[in-house]
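Visitor: I'm new to reading protein models. Could you walk me through this one?

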Amino acid sequence: MNLAGAVIYVSDLDLMQRFYADCLGWTDVDHGEGYRGMASSVGLVTLVRSPDATPSAVPAPRRSATAIKLTVEVDSLAMARECFAAAGGTVESASTQWTFRGATHCDAVDPEGNVIGLIEKAADMPDL
């Protein structure tokens with residue numbers, strides 16, 4: 001069986017849809033009351049409005065006590081840092097990056113505190 005998609009619980013659907021579209025290139029594929037479906041290059045990610053996702057402070061504290069962390073491939077961690085910062089998120093500094101399976105990894109946080117792993121592949125690395 002293949003993974004069919006993922007869900008991210010959010011408070012502000014419009015803000016988070018713009019964030020993921022601008023920073024990761026995900027596109028709107030469907031939406032309704034309380035959700036936005038966004039297509040990534042490998043599958044569907046659904047943003048679901050949840051009162052439990054409302055950040056407790058501004059900026060939002062990092063939600064790292066979750067059982068699952070999405071990872072996303074980016075062309076450049078440096079470019080991701082710029083885009084995330086401009087859109088209200090953060091990407092950890094280059095000093096925290098690590099190499100695993102031939103790619104460079106770094107954690108990022110969206111404007112509502114959701115942690116996302118970013119992966120920058122080496123130019124000669126096959127698709128993950």
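Predicted model: local features only at pLDDT ≥ 70, side-chain atom pairs only at ≥ 80, totals over all residues.

Visitor: How many bridges join β2 and β3?

Guide: These two form a hairpin with two residues between them, and Gly34 in the turn has a positive phi of about 90°. Across the pair, His31 stands opposite Arg36, and Asp28 stands opposite Met38. The pairing is antiparallel, and the number of bridges is five.

Visitor: Is Met38 buried or exposed?

Guide: Met38 is part of strand β3 (residues 35-39). Beyond its sequence neighbours up to four places away, Met38 touches residues including Tyr20, Trp26, Val29 and Leu47. Buried means under 20% relative accessible area. Met38 comes in at 1% relative accessibility, so the label is buried.

Visitor: What is the C-alpha to C-alpha distance between Met38 and Gln17?

Guide: Along the sequence, they are 21 residues apart. Still, Gln17 is among the residues that Met38 touches. From C-alpha to C-alpha, Met38 and Gln17 are 7.9 Å apart.

Visitor: Over to Glu112: which side chain of opposite charge is nearest?

Guide: You'll find Glu112 in the loop between β8 (103-109) and β9 (115-121). Glu112 is buried, yet has no salt bridge. A salt bridge needs a side-chain nitrogen of Lys or Arg within 4 Å of a carboxyl oxygen of Asp or Glu. The nearest side chain of opposite charge is 4.5 Å away, and belongs to Arg63.

Visitor: Which backbone nitrogen does the side chain of Glu112 reach at 2.6 Å?

Guide: Among the residues in contact with Glu112, leaving aside neighbours within four places in sequence, are Val10, Ser11, Asp12 and Met16. The backbone nitrogen of Asp12 lies 2.8 Å from a polar atom of the Glu112 side chain. At 2.6 Å, the backbone nitrogen is that of Ser11.

Definitions and conventions. Residues numbered from 1 in each chain as written. Heavy atoms only, no water. Helix = DSSP H or I, 4+ residues; strand = E, 2+ residues; numbered from the N terminus. Buried < 20%, exposed > 50% of the residue type's maximum accessible area, 1.4 Å probe, protein only. Contact = heavy atoms within 4.5 Å. Pairing = 2+ DSSP bridges. Lys, Arg positive; Asp, Glu negative; His and termini not counted. Polar contact = N/O pair within 3.5 Å; in protein donor to acceptor, adjacent residues only side chain to side chain.
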